[in-house]
Amino acid sequence: MNWVLVPQQIATGILNGGIIALISLGVVLIFKSSEIFNFAHGHLLMLGAYVTWWFAGGNQDGTEVFNLPLIPAFLIAVLVAIVVGLLIERFALRPMTGQPLLSIVLMTLGLALFIEGVVSLVFGVQPSAVFPSPFSPSAVFRVPFPGAMGGFIILKKTLVLSFGAAMLASIAFALFFNFTKTGLAMRATSEDHELARSVGLNVPRIFGLSWAIAGVIATVGGILLAMLTGASLNLSTVVLVAFPAILLGGLDSFLGAIVGGITVGLVQALVQASSNIEVRNSAEIAPYVVLLIVLVIRPEGLFGQKRIERI
Amino acid sequence: MKKAISMLVLMSLLLGMVSASFAQQNDVTCESEVVVQVNDWLSKIADKFYGDPLAFPAIAAATNAKAAADDSFATIENVNIIEPGWKLCVPGAADAQTLLDSSAAGVLTQSADISCDSSNVGKKIVLYQQAGITGPLAAITGPGLINGTQDAIKAINDAGGICGATVEVVFNDTAYVAEQELAVYEVSRNSDPRPFVILTYGSGATVVLKDRVNEDKIVNIASGLNGPAVYNPPNGYTILTAPIYSDQFSGFIKWAKDNWASIKPEGAGDEIVVGVIGWDNAFGTGATTDEALAYAESIGVTVLPLEVVALSPTADPTGPIQNLVAQGANVIYNQSLAFTPATVIATTRALGLWDQVVMGGVNWSMDNSMLGSLGENAALAEGYYGVFPYLYWDDTDQPAVRAAQAAFDAGGYPPADHGVGYLLSYASVDAIRQAAIHAINRDGFDNLSGETFLSAMEDLGIVSAGGLFEFNVKDGNRAPSRTQIRQVQLNDAGVPTFVAVTDWFDLPDTRP
Amino acid sequence: MAVLRPSGDFDVSYRQDMALIRYPWHWVLILATILVAATAPLWGNAYVVTTINQIAYTVIAVQGLNILTGYTGQISLGQAAFMLVGGYASALLATYWGAPIWLSLPLAALITGLVGLIFGLPSLRVKGFYLAMATLAAQFIIPWLTRHTFKDYLGGSDGQISVPMPTLGPIVFDSAEKFLYLSLVALLITTVIAFNISRTRLGRAFVAIRDNDLAAELLGVNLLGYKLRAFFIAALFAGIAGALRAHSERSIGTELGYNLNESILFLGMLIIGGLGTNLGPFLGGVTVIILDDVALQFGQFVAALFPAYSSNVLTSFRPIFFGLVLMLFLIFEPRGLAYRWTLIKAAWRLRPFSR
Amino acid sequence: MTRPVHLSVKNVSLSFGGTKALHNVSFDVYQGEILAIIGPNGAGKTSMLNCMTGFYRPDEGSITFDGHEITTTPPSKIAGLGIARTFQNIALYTGLSTLDNIMAARHIHFKYGMWQSMLYWVGGALKEEIRHRQRVEEIISFLEIEHIRKATVGALPHGLRKRVELGRALALESRVLLLDEPMTGMNLEEKEDMARFVLDIHERQNMTILLIEHDMGLVMDIADRIVVLDFGVKIAEGTPDEIKNNPEVIRAYLGQEHEILN
C-alpha cells in the first residue's frame, strides 16, 4: 500500500462510487418490482445522455434544432426517458411475462443492442463531447488533509456535484418508495405479484411506472457521467462496473445498491493505491474479483435477503 | 453514393483547372499587404482576414507568386516558418478561394520523376481494401481511413489511372472482427488475377494475415498497430504505414532529454523520470516495449512501469497520475486516445500537478478527438506535447496534403473525420501508385504481382528493410520513422492549435 | 416432446426406440448436409469455405453453451473467454511441445474444461442472475490474466501470440480448404457427443436441474456435481472451438475478440436456434451469421440512398438487426427455429390433415 | 408393534427466522407400514418431510434411517440411501417426456459416468440405458400411463402428472416412499386409482409409505397409523381408530369434526 495516496483515493473512490450507486439503484428498482435484471440499463443511460445533449444544442456546430440550457434539456430528456421506459415495458417485457429467466436476460440484452444501434443511427458513432457542464473538469475543492499527497485532498467539483446529485436522487427515490402511496404499491408488488393483483393493484401499470422511473434514474446518471466525459456510445459500459456493485449489495436492496456502488468505487480506487504495479493495473477487474469472493462467502450479497426455498 | 462523390471530385477538379488557368493569366492582386509581427503565424493571419485559419495556403501561394516578380515580398518555403518583418500578400477572398482550389487540384504526386513507359488503357488494376465501417472500432477511428483511400483512388482514376489502367477498389467490411478479416482475405486472395496489394486496418487484421500474406506473396499495406506482426518474420509482405509507437515514445524521451533545460518543470531536477499511462491492450502497451525501455536506459532516462487506465470514459486516472508523481515522474506520456488523454489532462490540472510534469503523448492522443473530448474546456490542453506523424493537415506545402484536403472537402465529410487517418490513407495510396508505375515500367504490366510490387517499393525506397512504409515526399523521406514534436498552444482567439516546436527529426529505431 | 408418428411405424426394440437416426430420410438429410459442407471448396468460393469454417467452430461453442444454458439452465456470459483459454492452450502445446492437432485439441479442451470448473464453483451457492454475474466475472478476469500473467508465453502486452499451423502426421492444414475438413470432423464429433449427452443420464440430470433443481436434488441428483459437469462440458466445447479458431486464424489473443459481445452473440444464437435442442446451435449459428451478412448488404443499400448518413447507417444496422431479431424471436418464437422445425415436420407427416 | 423401526424422528425442531415450523417432534416409522401425517394447513407436515429428505436441516434433534444418522446428509445422498418422495406442488421436469422423467429418477441406479455418456456405444452406456428402460417400462405399465410415454409432462392434465410423479418416486426403487398430498386436486375416480396404486405398491413391494393427505376418509382407510401435527407440535399418534377419538385431535380440527369422522 502506498499510504500517501490512500486519503485521496478514498475520496475519489467515494465520489466515483456515488454515480455507480445511482446506476445500481435503477437496476435494483426494476429487479425488485418485476424480477428482471436489466442489462440494458447502461444503454438507457447512454440514450438519456444523448437526448439531453441533443436538446442542449448538440455539437453547437450550427446544425442544432434546439439550443436549450442544461436544466430544460434535462427535463425534456426525463420526459423522453419516461416514454421510452413505458414503451420498453409495454412492448418488450410485458410479452415476456412468465418466460424463463434466460429469455428475460436475453430480452434486455437484445434491447441493449437495439438501443445502441438506434443511438448510433440517430446521433452518429463519433463521441459528442460538447456537453454543457457547470464546472470545468479542472475546477476543484482543496481540502487540507495532513498525510495526503501535497497536504491536500482534491475534490473535482464536477465529481462532487454528481456525487451530490446521485445521493439526492437516491434519497428522493427512497422517500418516494417508502412514503408515498405509489411507492407502497410498488413495494407490495415487489413482494408478490399475484397477491398485489388480487388486492386490486394494477400490476402492469406499476411495472410500467418502475420502468419509467428507472429510465429517469438512468438519464440522471447519464447526464452526470456525460458532464464528466461527454456523450459517447462508450457510456453504456459503465453499467459493467455497476453490476458487481448491485450483487455486492444484494439484488433486492436499495441500501445495498448504494453501499455496493460506493464499495466498488472504493475498491477500484484503493487498488490503485497499492505499491504493486500489477495490483494497480487490475482496477478494471477488481470489482469482479471482490464479487466472486462475496458470492462464495455470502451469496445473497451484503444486504440481500436470504430466501427460504420451498417445495 | 460512389457516383455522387466521384461527380463532385470531377467537378471540383474541372473548376480547379479553369480557375488555375485564370489565376495564371491574371496576376495575383493583393487586397492588403501584411508585415509579419512577432507571434504571427500564417493561419492566424488567414483567420484574421478570411475567418478561416485553414485558408493560409492562399496567402503563401499569393506571396510566393508576388515574390517571383517583386523582391519586397518574402518567399515562403515552409508555411510553418515565417519571420517578423516579412511582407506578405493577402489576396481578396475570391482570389484566395481560387488559389486554394488550384493548389488543391494540383497533381497528386510530388515525384515527377515517375512516369509511365507504357500505356495500358482499357486494362484495370484492382486493389483490395478491407476494414470495419461497422463494429466497435469504427466508432473510435472513424471512417476517415477508408474514405481517404477511396478518394485517393478516385483522384488517380480522374487523372488517367495508373499508366492508363483504371484502378478499381474492392472494399469489404470486416467490422474489425478477426474472423471476418480472414474470410474477406480468403476471397481477395483467390481473385483472378491474384491481388498484388491489399489495404488493411487495425492490429486484428495485421496479426491474422501476417503469415498468409508472406505465403501468398501479397503486399499488405497495413495501418495496423501491431509491431510484432510486421517484424516477425522480418522483410515480410506486411508493410506498416502507421507510426511505430515504441519509436515515437523513444523519440519523445530523446527530445525531452535533449531539451530538458528549456522544457523542464520548475523545480525539477536533471534526472528525467517518465511515467506512461496507457490502455490495457496492444496499442496502450505499444510504447513501452522492451526495446524502447532499453533505449531509455541507454540515454539515461528512467521509465516507470506502465500504469493502466481502463478503456472507458468513466475510468478515473487520479490513481495512476498520483502514483507516477509519487514515484518521482516529471514526464507523463499518454499511450491512449480521445477521452483518456482528455481526462488525464483534466485530472492532472485538477490535482494541481500540471506544472510539475511535462505532459505528452503518442500521435493519436493529440488529435481532434482529444480536444473534442475536452469540449469547451479544450484550452486545458494548452502545453500538451504530441509526437506527430509524418504528415499533418497543415503541411500544405505537400501537394498530397492539399489534394487530400480538397478531396476531403469535396467528400462533404463531418469535421470529426478530419483526422490523421484520412490523410495517411490518402498518402499511402499515392505511394502505391508510384510503386505500381515503377513495377510496370520495369517488369511489364502483366507481371504486376506482389513480388514485383514489393521489389519496386524497395527500389523506390518506399519500403525499408524492416517492413516500414517510407513516404517519399518533397523534402525528403518522412517515413513513420520521422517525426515532429508539436505542442498545444492557444491562438489569439483562445483556440488550441497544434504548433510545431521542432523540425522533423529521425526517431530512434526500437524495432525488435 | 409429443412425438407424432405415422400409424404403423413401430419400434421393435428399445435400442431402435432410442436411436437418433430412425428413418432413411434422416440419413439422406445428414449425409447430404455433410456432403454439401465437405465439397464446399468445389462449389463455393473462398468466402464460403472460410465462413463454413467459422460456422463450424461457432456452432461447437454454442453447442457447449447449449449444454450449460440450454439443458442445465445456468446462464453463462463467459463462453467466449473460455474459447480464449482453449486457443491459448492448443497454441502453447503446439508451439512448445510440437503437439499434433489430434493431441493438442483434446488436451486444450480438457484444460479449458478445468478452468470452466473453477468458474463453475460459485454455482454451488448461487443461481440465476448471481451465477450469470460469476460467469461475467470470468469474461473479464480470464482475458485480463492472459495479458498480465506468464507474459513470455501468453504474449503479455501485445495481447496475442502466433499459433502454428496444425499438423496431423504428414498433413499440414495450411489453407482454409484443408482446414475445413478438420473443422467438420471436430463438429461431427462434438455433435455426436452433444446428442449422446442429451439422451443419457447426464442429459436427463441436466434437464432435471434446469426444470426443477430442488426436486432433482431430492431425487438423487447431486446438484453441485452435475452443475460442475455442465460447466466442464461447456468449457470443453469452448476449448475445442477456441483451439480451432486459434489455429484457423493462426493467432490467439485478446486483440482478436473473445469479448463479452461474442458471449452475448452465442446466447442470442442459442435463443434464435432453439434452447435445449440439439438442432438449435446449428440453426442459430447459421442464421445469425447469414443475418449478419444481410444486415451488411441492407446497410450498404440504405447508405447509398442517404450518403450523408452512411457511416451512421453502416455502423448501426448490425446491432439494430441482431437486437431486433433477438427480441422478436423472444416474443413470437421463444422456443426458436428448432421448435418451428419440429412443427413443420409434424405438419408434413400429418398432411393433408395438418390444418 | 414388532416390526423394526425404519425411519426415526427424534426431538426435531425447525424454525424460519422467528417462526417455529416444528417443535420437538418425535415419531418412528416402522418397516412396511403406511403412516399418515395429518394436520391443518401450516402444521409443519411438509417441513417434516423436507427434514427427512435433507432439504431442510433441523435446528435440533436427529433423524435416523435404518440406524444411520441422516440429519445432516445432503438430499441427493438421502435419495441414494433409499428414501423417495413426491411433492405437494407437482415438481416434475416439465421439459422432459414421461419416459425421461422416470428415467431421470433412475439416476442413482446408473453406474456409467460422464465420459461413457458422451461415448454412448462404447463403455456400456447403451446397455445400461436399455436395462433401465426395461425397469421404467414396467413402472409405466404398472401405472397405466403407456399412452403418454413420450408426451412432454408440462402439457399433461393434473391427475396424470401426479401419477407420473408417483412413477418417478417408484423408479428410485427406494425402501421408503414419502408421498406429499398425492391426491390433492383429483376427482374421485382419480383418487381411487391413486389409492389403488399406493396400496398395490405397499403390498407388492412391502414398501414403507409415509403419506401426507387431507382427505381424511382416505387416510382412515389406507393408513396403518397416523401422526397428527398442529402448529409444529405432535399432538397425537396412533391407529386410525385411536386418532378418530382423540380429543386433542378433535380440538385441533375444531369445526372440521365431521370431516374426520366421515
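**Around a helix residue in chain A**

Trainee: Which residues is Glu116(A) in contact with, leaving aside its neighbours within four places in sequence?
Mentor: Keep in mind that this is a predicted model. Glu116(A) sits in helix α4 of chain A, which covers residues 101–123. Beyond the neighbours within four places in sequence, the contacts of Glu116(A) are His43(A), Met46(A), Leu233(A) and Ser236(A).

Trainee: Is Glu116(A) buried or partly exposed?
Mentor: Look at the relative accessible area, which is 27% for Glu116(A). Buried would need a value under 20%, and exposed one over 50%. So Glu116(A) is partly exposed.

Trainee: How far apart in space are Glu116(A) and Gly42(A), C-alpha to C-alpha?
Mentor: In sequence, Glu116(A) and Gly42(A) are 74 residues apart. In space, going from C-alpha to C-alpha, the distance is 9.9 Å.

Trainee: And Thr219(A), is that one buried or exposed?
Mentor: Thr219(A) belongs to helix α8 of chain A, residues 203–229. Past its neighbours within four places in sequence, Thr219(A) touches Gly48(A), Thr52(A), Ala77(A), Val78(A) and Ala81(A). Its relative accessible area is 1%, so Thr219(A) is buried.

Trainee: How many chains does the salt bridge between Glu215(B) and Arg250(C) join?
Mentor: The side chains meet at 2.8 Å, N to O, in Glu215(B) and Arg250(C). Glu215(B) is in helix α8 (residues 202–216) of chain B, while Arg250(C) is in the loop between α11 (223–249) and β4 (251–253) of chain C, so the number of chains joined is two.

Trainee: How many residues apart are Asp66(D) and Arg175(D)?
Mentor: Asp66(D) and Arg175(D) form a salt bridge, with 2.4 Å between the closest N and O atoms. Asp66(D) is in the loop between β4 (60–65) and β5 (68–69) of chain D, and Arg175(D) is in the loop between α6 (158–171) and β7 (176–180). The pair links distant parts of the chain, and the separation is 109 residues.

Trainee: Where do Arg168(D) and Glu165(D) lie?
Mentor: The side chains of Arg168(D) and Glu165(D) meet in a salt bridge at 3.6 Å, N to O. Arg168(D) is buried at 0% relative accessible area, and Glu165(D) is buried at 1%. The two are 3 residues apart, about one turn of the helix, and both lie in α6 of chain D.

Trainee: How many salt bridges does the rule count over all chains?
Mentor: The rule looks for a side-chain nitrogen of Lys or Arg within 4 Å of a carboxyl oxygen of Asp or Glu. Over all chains, the count comes to 37.

**A nonpolar patch on chain C**

Trainee: Which helix gives the most to the nonpolar patch?
Mentor: The patch covers about 980 Å² of surface, and its residues include Trp25(C), Leu188(C) and Ile344(C). Two helices of chain C, α2 (24–38) and α15 (336–350), each supply at least two of the patch residues. Ile344(C) is in α15, but the helix that gives the most, with 7 residues, is α2(C).

**Chain B and its domains**

Trainee: What percentage of the residues of chain B count as buried?
Mentor: Chain B has 18 helices and 18 strands, and it exposes about 18,000 Å². Of its 512 residues, the buried share is 62%.

Trainee: What area is buried between domain 2 of chain B and domain 3 of chain B?
Mentor: The domain assignment gives domain 2 as 124–243 + 394–480 and domain 3 as 246–388 + 484–506. The contact takes 11 residues from domain 2 of chain B and 12 residues from domain 3 of chain B. Carbon and sulfur atoms give 60% of the buried area, which is about 1,000 Å².

Key. Residues are numbered from 1 along each chain as its sequence is written. Chains are lettered from A and ligands numbered from 1 in the order in which they are written. This is a predicted model: local features need pLDDT of at least 70, side-chain atom pairs count only at pLDDT 80 or more; totals for chains, interfaces and linings use all residues. Side-chain values use heavy atoms; hydrogens and water are left out. Helices (H or I, at least four residues) and strands (E, at least two) are DSSP runs, numbered from the N terminus. Buried means under 20% relative accessible area, exposed over 50%, partly exposed in between (1.4 Å probe, protein chains only). Accessible areas come from the Shrake-Rupley method with a 1.4 Å probe; for residues, only the protein chains shown count as cover. Patches are made of residues with over 30% relative accessible area and no salt bridge: like charges are joined within 9 Å, nonpolar side chains (Val, Leu, Ile, Met, Phe, Trp, Tyr) within 5 Å. Contact means heavy atoms within 4.5 Å. Domain bounds come from an automatic or database domain assignment. Buried area is the accessible area (1.4 Å probe) that two parts lose on being put together, summed over both.
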